[in-house]
Amino acid sequence: MRYALLGAGGQLGRDLQSRLQGEVVAWTREQADLTRPMDLRAALEALRPEIVVNCAAYNLVDKAESYPAGAFAVNAWGVRDLALACRDLGCVLVHFSTDYVFGLDENNRIPWTETDAPGPIGVYGLSKLAGEYLVRSLCPRHFVVRTCGLYGVWGSGGKGGNFVETMLRLAAQGKPVRVVADQSCTPTYTVDLAAATAALATTERYGLYHVTNSGSCSWYEFAAAIFERSGIKAELAPITSREFGATARRPAYSVLSTSAYHALGLPLLRPWQEALAAYLDERGRKNRT
Ligand SMILES: NC(=O)c1ccc[n+]([C@@H]2O[C@H](COP(=O)([O-])OP(=O)(O)OC[C@H]3O[C@@H](n4cnc5c(N)ncnc54)[C@H](OP(=O)(O)O)[C@@H]3O)[C@@H](O)[C@H]2O)c1
């Protein structure tokens, strides 16, 4: 099996490279830019992969509010052209989306399923939802994988790290750490998502799937677990999203039901607490080498 992997320089892309079974040709943004569709199509025509995995995205949630064109150029129009190229070349397209396609229904506290109506409340989520629809309508053999709160040892380049690293950095600076307690989701370790994606990609059970670690928590609870597991006594306080004052609104509850993925006979991903422990162990090993 030959794979083309886009967004290979990102945190998920890096962890996927070693987990896809077969020949993996990994492209960073410099080697395959979603906003340069002719070059990308030519590269795919030359390579002739069976499966294209797209980890590339415009992920700057707050900046997207004032720069929708940038978010849509990558997450919608670039993805549209990729989907068309995959259709024309007969490739399977594995594409990632986000829990931020939800949020409009502020009262729901039941994990969202793939058949629930999405309703984004920010430009980033809207651009990702547009990308989902374009993949689903244009490329028949697709997997659209919605996931949530990613963290991996490589950190998100665009965001300059990940939530766990941000928490550890703030605690090391000895500053009080204020974290939103009114947004719940399921933080997900990129290693676990990469393994799950590798298993899903070859099933031929095409469609839309939610894939995250198990369980759920608020970002405040996640931060508390990071400090507890790391043996750090931080001055941690819960705040509201309003107090935090981010530019973009985020869903209050974006926990995703993963039962459709599990119904394929694939194992549920481990609880987020175990995934966090594994991440901290891996991080420790990486820092020692
Ligand atoms: N991070 C999260 O919490 C989260 C949550 C839910 C869903 N997701 C989704 O999961 C997927 C993987 O996210 P991630 O956290 O691994 O992201 P990431 O670490 O930020 O990686 C994204 C990669 O995309 C590249 N990229 C940006 N614009 C591009 C373009 N025009 N053409 C080609 N590559 C481009 C970036 O390159 P540069 O480094 O050069 O900018 C970066 O290497 C994305 O689809 C994302 O929307 C992420």
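Modeller: The axes to be discussed are lines fitted to C-alpha atoms, for helices over the stretch in contact, and their angles run from 0 to 180 degrees between N-to-C directions. The model is a predicted one. In it, the axes of helix α2 (residues 37–47) and helix α4 (residues 68–89) come within 10 Å and cross at roughly 30°.

Biologist: Why is α2 called roughly parallel to α4?

Modeller: Angles under 35 degrees count as roughly parallel. The angle between α2 and α4 is roughly 30°, which makes α2 roughly parallel to α4. The crossing of α2 past α4 is right-handed.

Biologist: Which residues make the contact of α2 with α4?

Modeller: From α2 come Pro 37, Leu 40, Arg 41, Leu 44 and Glu 45, and from α4 come Gly 78, Asp 81, Leu 82, Ala 85 and Leu 89. Sorted by class, this contact has 6 nonpolar, 1 polar and 3 charged residues.

Biologist: How do you know how α4 and α5 are oriented to each other?

Modeller: The axes of α4 and helix α5 (residues 123–138) come within 9 Å and cross at roughly 10°. The limit for roughly parallel is an angle under 35 degrees; α4 and α5 are therefore roughly parallel to each other. On the α4 side, the residues include Phe 72, Val 79 and Leu 84, which belong to the set that meets residues of α5, among them Tyr 124, Leu 134 and Leu 138. The classes in the contact of α4 with α5 are 13 nonpolar, 3 polar and 3 charged residues.

Biologist: At what angle do α6 and α8 pack, and how far apart are their axes?

Modeller: Helix α6 (residues 163–172) and helix α8 (residues 219–230) pack at an angle of about 65°, and their axes are 10 Å apart. Their crossing is right-handed. The contact is formed by Val 164, Met 167, Leu 168 and Ala 171 of α6 with Ala 223, Ile 226, Phe 227 and Ser 230 of α8. It has 7 nonpolar, 1 polar and no charged residues.

Biologist: Let us turn to single residues. What makes Cys 86 buried or exposed?

Modeller: A residue is buried if 20 or more other C-beta atoms lie within 10 Å of its own. Cys 86 has 27 C-beta neighbours inside 10 Å and so counts as buried. Cys 86 lies in helix α4. Not counting residues up to four places away in sequence, Cys 86 touches Val 52, Cys 91, Leu 93 and Cys 139. The C-alpha atoms of Cys 86 and Arg 41 are separated by 8.5 Å, although these residues are 45 apart along the chain.

Biologist: How do you know whether Pro 120 is buried or exposed?

Modeller: The cut-off for a buried residue is 20 or more, and Pro 120, with 20 other C-beta atoms within 10 Å, is therefore buried. Pro 120 is in the loop between β4 (92–98) and α5.

Biologist: Which residues touch the most other members of the largest nonpolar core?

Modeller: Of its 88 residues, they are Leu 5, Leu 6, Val 52, Val 53, Cys 55 and Leu 93. Helix α4 gives the most to this core, with 9 residues.

Terms used:
Residues numbered from 1 in each chain as written. Predicted model: local features only at pLDDT ≥ 70, side-chain atom pairs only at ≥ 80, totals over all residues. Helix = DSSP H or I, 4+ residues; strand = E, 2+ residues; numbered from the N terminus. Parallel < 35°, antiparallel > 145°, perpendicular 65-115°, else oblique. Left-handed = near helix turned anticlockwise from the far one by under 90°. Contact = placed C-beta atoms within 7 Å. Nonpolar A, V, L, I, M, F, W, Y, C, P; charged D, E, K, R; others polar. Core = buried A, V, L, I, M, F, W, Y, C linked by C-beta atoms within 7 Å. Buried ≥ 20, exposed ≤ 12 C-beta atoms within 10 Å, placed from the backbone.
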